[in-house]
Amino acid sequence: MLLLAVGACSKNNDSSTNASISTDDAATIMANSMSSGSGGMASASADVTLNAQVTFSANPGCGGTKTYSFSRQNPQGSSVTYSYAFNYTYTLNCVNNVPDNVSSTATSTGSFDGPNLSSTDTGTSTFAVGGFAQSSTAYTLSGEYKRTGSFTQKTGNMNKGNSSVDITVSSLTMPKTGGTIASGNASFTLNGTSNNGSFSFNGVITFTGNNQANLVINGTAYVVNLLTGNAARS
């Protein structure tokens, strides 16, 4: 985790005309907050499901918790460099004293530097993970992912500033054999300030599989590559 709204493609009709950053700039910030190549929500979702399964299998008892801490860096030769440290806490939840699902809370700190944007961030997430029955082929996730930090844009208007991203996810599916988002929907808000003043955006995300998502931000539609963080008008 919606129908894809078709927004105006002309910058003359851009609903962010009076904002301190353009809709295209906002889409770049959102795409990097989502992509696995910048340590965003896509990689956090993969981590959450993997460790939730470990917790469920370990069966710490109803209400029992497991904690995990680790760091992640970009692969050698990547066009994007990033380094993040994560701390997760997982709780096994039961229904009628039978293990049913796992809830997680997490914090992260780090930075990334890509072709379009560099940023230093802190993040938090809360997710509920289901789909642990042996007959289930995919995990399901719902919850919230937040990311706050400072950014420097390398394209467009070359803005610098601070941003706060809040993504609310519903019915995200993660195949047990793949580790990438297959489908789901989300809504989001993006707020912050740049060297030109304050900005505020909102919209929806539709995850379409194959490491892609459709992003509609203030009425303008984009296709996001969840590996690279690239956002292109559709």
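Helix H2 (residues 41-58) has as its buried residues Met41, Ala42, Ser43, Ala44, Ser45, Asp47, Val48, Thr49, Asn51, Ala52, Thr55 and Phe56. Here, buried means under 20% relative accessible area, exposed over 50% and partly exposed in between, with a 1.4 Å probe and protein chains only. Helices (H or I, at least four residues) and strands (E, at least two) are DSSP runs, numbered from the N terminus. The model is a predicted one, in which local features need pLDDT of at least 70 and side-chain atom pairs count only at pLDDT 80 or more, while totals for chains, interfaces and linings use all residues. Residues are numbered from 1 along each chain as its sequence is written, and side-chain values use heavy atoms, with hydrogens and water left out.

The 18 residues of H2 reach 25 Å from the first C-alpha to the last, close to the 26 Å expected at 1.5 Å a residue; the expected span is 1.5 Å times one less than the number of residues. The buried set in H1 consists of Thr23, Asp25, Ala26, Ala27, Thr28, Ile29, Met30, Ala31, Asn32, Ser33 and Met34.

Most residues other than glycine have a negative phi. Asn59, which follows H2, has a positive phi of about 50 degrees although it is not a glycine. Asn59 is found in the loop between H2 and strand E1 (65-73) and is partly exposed, with a relative accessible area of 44%. Asn218 also has a positive phi, near 50 degrees, and lies in the loop between strand E9 (212-217) and strand E10 (220-225). At 23% relative accessibility, Asn218 counts as partly exposed.

Turning to the side chains, the structure holds ten aromatic pairs. One of them joins Tyr84 and Phe86, whose ring centres are 6.3 Å apart with the planes at 35 degrees, so the pair is tilted. Rings of Phe, Tyr and Trp (its six-membered ring) pair if their centres lie within 6.5 Å; planes under 30 degrees apart count as stacked, over 60 as edge-to-face and the rest as tilted. Tyr84 is buried at a relative accessible area of 3%, and Phe86 is buried at 5%. Phe199 and Phe201 form a tilted pair as well, with 6.2 Å from centre to centre and 45 degrees between the planes. Phe199 is buried at 5% relative accessibility, and Phe201 is buried at 1%. Ring pairs also link Tyr68, Phe70, Tyr84, Phe86, Tyr88 and Tyr90 into a cluster. Elsewhere, the charged end of Lys176 sits over the ring of Tyr139, 5.3 Å from its centre; for such a contact, NZ of Lys or CZ of Arg is within 6 Å of the ring centre and within 35 degrees of the ring normal.

On a 1 Å grid over the protein atoms alone, a cavity is a set of points where a 1.4 Å probe fits but cannot get out, and a pocket is an open set with protein on both sides within 12 Å along at least five of seven lines; lining residues have an atom within 4 Å of a point. The largest cavity holds about 80 Å³ of space, a volume being the space filled by probe spheres set on the points, which are joined across faces, edges and corners. Strand E2 (81-95), strand E3 (98-113), strand E4 (117-130) and strand E5 (138-153) each supply at least two residues of the lining.

The second largest cavity has a volume of about 60 Å³. Its lining consists of Ile29, Asn32, Ser33, Phe112, Leu117, Ser119, Asp121, Arg147, Phe151, Ser163 and Val165. H1, E4, E5 and strand E6 (160-175) each give two or more residues to this lining.

The second largest pocket contains about 180 Å³ of space. Among its 13 lining residues, Ser36, Ala42, Ser43, Gly179 and Thr180 lie nearest the centre. H2 provides the largest share of this lining, four residues.
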